[in-house]
Amino acid sequence: MKINVLGGGPAGLYAGILLKRSDPTREITVYERNRADDTFGFGVVFSDATMAELEYADPEVYASITEAFAHWDDIDVHYKGRVLTSGGHGFAGLSRQGLLEILQARAREVGVGLSFETEIEDFEALRDADLVLAADGVNSAVREHYKDSFGPALDFRPNRFVWMGTTRPFDAFTFYLKENEHGLWRVHAYQYEKGHATFIVEARDETWNASGLAETDEDATIAFCEELFADELQGHPLLKNRSHWRRFPTVRNDCWSHENVVLLGDAAHTAHFSVGSGTRIAMLDAISLSEAIDAHPGDIPGALTAYEEERRPQVESLQRAAQASLQWFEDTERYMDLDPEQFAFTLLTRSLRITHENLRVRDAGFVETVDTWYAGQAQEQSGVTVATSPLPPPMFTAFKIRDLVIPNRVAVSPMCQYGAEDGMPDEWHLVHLGSRAVGGAGLVIAEMTDVSRDGRISPGCTGLYKPEHAAGWRRITDFVHANSGAKIGVQLGHAGRKGSTKLIWEGDSDPLPDENAWELISASPIPWKTDSQTPREMSRADMDGALEDYVQATHIAEEAGFDLLEVHMAHGYLLASFISPLTNTRTDEYGGSLENRMRFPLEVFDAVRAVWPQGKPLSVRISAVDWKPGGMGPEDAVEVSRILKAHDCDIVDVSAGQTVPDQEPVYGRLFQTPFSDRIRHEVGISTMAVGNISSYMDVNTILAAGRADICLLARAHLFDPYWARHAAYTMGYPLEWPDQYKSVQDYTARFAFDFGDLEAY
């Protein structure tokens, strides 16, 4: 088998080594345009977990790396004159030059041919081999040559960064945040060998521009940074090696192979340096590719398919984490008013992969410091004394909104049950909401409950449009108040163009047959789907009628005994249809600008606020992004939240999408949490986070990092009505059980089930 490798960096060299090692008969040649001793940058970083994978793949390379690396466990965050240290992380640093020398020596040892200073211009000529590995880096010429097959996408991020070295040793992975007259500068620093460290400086583009630095003036950059970070460098110089200011390119490809050509390393994908080195990712690519080829002898197409199927999900998961991390560093200014404990915690958990529990296992003392700070803040905010023995995790601290004190920060998200008869809740709703309240949630929110019969999504939706609905709901709120410490809210809504549909299990969003349907209204006459009923564009009379419905529903909600009211302005329903430009094409004063599009939703909000008791909180659910070009984006959600705050909204429930059926959402764990984070900090309003939150580790992380004040869990609560109590049990926190269930406090669970991670279900 003949294999040509284009690119003599770690990806190409390591792949060649592994493929040759597993089958010495393979003829493998690595072609590199630069000299053998050319390298750019300074050090690379491997986690302890990565080192274990390298040991398994090739013990000889692993042994050589371990002889040369610098190892450390701590992360130091320098902020507002304090150093906050988190230990137990486990990193290994190595010079890039040293790594290349190790890989080159090992390649020669196993019989891989190395051809340096070789410029390949005819890529087709390389394809006389059975397999071509394109490991030619972020600016891959091979990828560009076959771009129609690979489908590359490059996202150049706005921040500027420069990669430098220094002789100052660091005994921890170190972060500095420093402001001068130009703005805020971030430093990522780590030792990679005795006497040498990597020193990366990053800043927003406007800060970099204000400094007067040029992209290619290395000497000016060195001089500027040595002066700015004189105290941090402690007299040590900065070192240059093509230390030019750059923007980080996030690389993605639709496909990683074209016939017998396959991409790996930076040619296939990149992940921001703040979550680990591209070298580490590339070497793991090489391991995966080698294993796939070994598992499919004589079947290159099958091997390349297996490689991508196995490796792509891992890479895409890492890229999602890298996206969250790089955006944190792009927006660090947002967090500079935080107290040191919370700032350090949010920095360490910025990628959403490291959790409160991860950090507790690594460094219990650090997490105790954060939890102590959080408990103190919660006590001051809520007026509820927090016991210190045992110290509660963040999720079990109280939160106050207006006069309402919620006993903990776990909430049951509104979830339509489709079991009502003409809007009337029944025994199912009593058990559904009552069991979750008994199950330990601090707040349960009843499903989207409609303000009129014609405002329902389906015939099975609950309502607050008839006087007798008050008694039906009162039965449920009385049960919650009498049998738990939970508070109960209700979400007021009107389906708009998404109404008059079958029950979800009869056909999700499918329209009712004509004989059972009712007329729909919306901001504009745009049907939800092609086979949906076209709504009537609302007239002023329609708006007045809807306003009366919302006011009447609010009075009924108060009579029903609800503690909190939420107005639904998300997911493409009536009020949301005014807010999004995708669903509002009006040319009157209710269309056009965001200010105009918010006009009717604000009329509704103000009318509800005027009749809802002043001591009770009013929430709004919004869609932070429409997931479609031309629709609402995160920056619009910030402005919407700012407007709502000005109208006395108490807390924003930050959801996303469902505005149009052809949306293209970016799903993933905690995928909506960053929107809540941004709104909370930029607007200065309390938020509730929702969206693929299922583990107690994630809830504690979101809260302690300040990304939300309350966490809403939906499917996790459907799976386990006692989610909060089981989370407390898992964490060893003594959450009080109802008298009827006191005997369970002496019960020892006999099943090895981790209630902290329900995502597998």
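**Pockets, cavities and sheets in a predicted model**

Helix α25 gives the most to the lining of the second largest pocket, with 4 residues. Helices (H or I, at least four residues) and strands (E, at least two) are DSSP runs, numbered from the N terminus. This is a predicted model: local features need pLDDT of at least 70, side-chain atom pairs count only at pLDDT 80 or more, and totals for chains, interfaces and linings use all residues. Residues are numbered from 1 along each chain as its sequence is written, and side-chain values use heavy atoms, with hydrogens and water left out.

Stay with that pocket. Its volume is about 1,400 Å³. Of its 47 lining residues, Met415, His571, Gln658, Ala714 and Arg715 are the closest to its centre. Both β29 and α25 (715–719) supply at least two residues of this lining. By class, the lining holds 26 nonpolar, 15 polar and 6 charged residues. Here Ala, Val, Leu, Ile, Met, Phe, Trp, Tyr, Cys and Pro count as nonpolar, Asp, Glu, Lys and Arg as charged, and the others, Gly among them, as polar.

The terms rest on a 1 Å grid over the protein atoms alone. A pocket is an open set of points with protein on both sides within 12 Å along at least five of seven lines. A cavity is a set of points where a 1.4 Å probe fits but cannot get out. Lining residues have an atom within 4 Å of a point. Points are joined across faces, edges and corners, and a volume is the space filled by probe spheres set on them.

Two strands pair if DSSP finds at least two bridges between them. Strands β27 (651–655) and β28 (686–689) pair in the parallel sense over 4 bridges. Valine 652 has threonine 687 in β28 as its bridge partner. From β27 the chain crosses through helix α23 (673–683) to β28, in a right-handed β-α-β crossover. Right-handed means that, with the strands pointing away from the viewer, the path from the first strand over the helix to the second runs clockwise. β28 also pairs with β29 (710–713), in the parallel sense over 2 bridges. There, alanine 689 stands opposite cysteine 711 in β29. The chain crosses from β28 to β29 through helix α24 (696–704), and this crossover is right-handed.

How many cavities of 30 Å³ or more are there? The count comes to 2.

β10 has the largest share, 4 residues. The lining divides into 3 nonpolar, 2 polar and 4 charged residues.

Finally, look at an open sheet of 6 strands. The order is β8-β2-β1-β9-β17-β16, with mixed pairing. β8 (113–115) and β16 (257–258) stand at the edges, each with a single partner strand, so one side of each has no neighbour in the sheet. Strands β16 and β17 (261–263) run antiparallel, joined by 2 bridges. Serine 257 has valine 262 in β17 as its bridge partner. Helix α1 (10–22) packs on the sheet, touching β1 (2–6), β2 (27–31), β8 and β9 (131–134). Contact means heavy atoms within 4.5 Å. The direction of α1 makes about 170 degrees with that of β2. Axes are lines fitted to C-alpha atoms, for helices over the stretch in contact, and angles run from 0 to 180 degrees between N-to-C directions.
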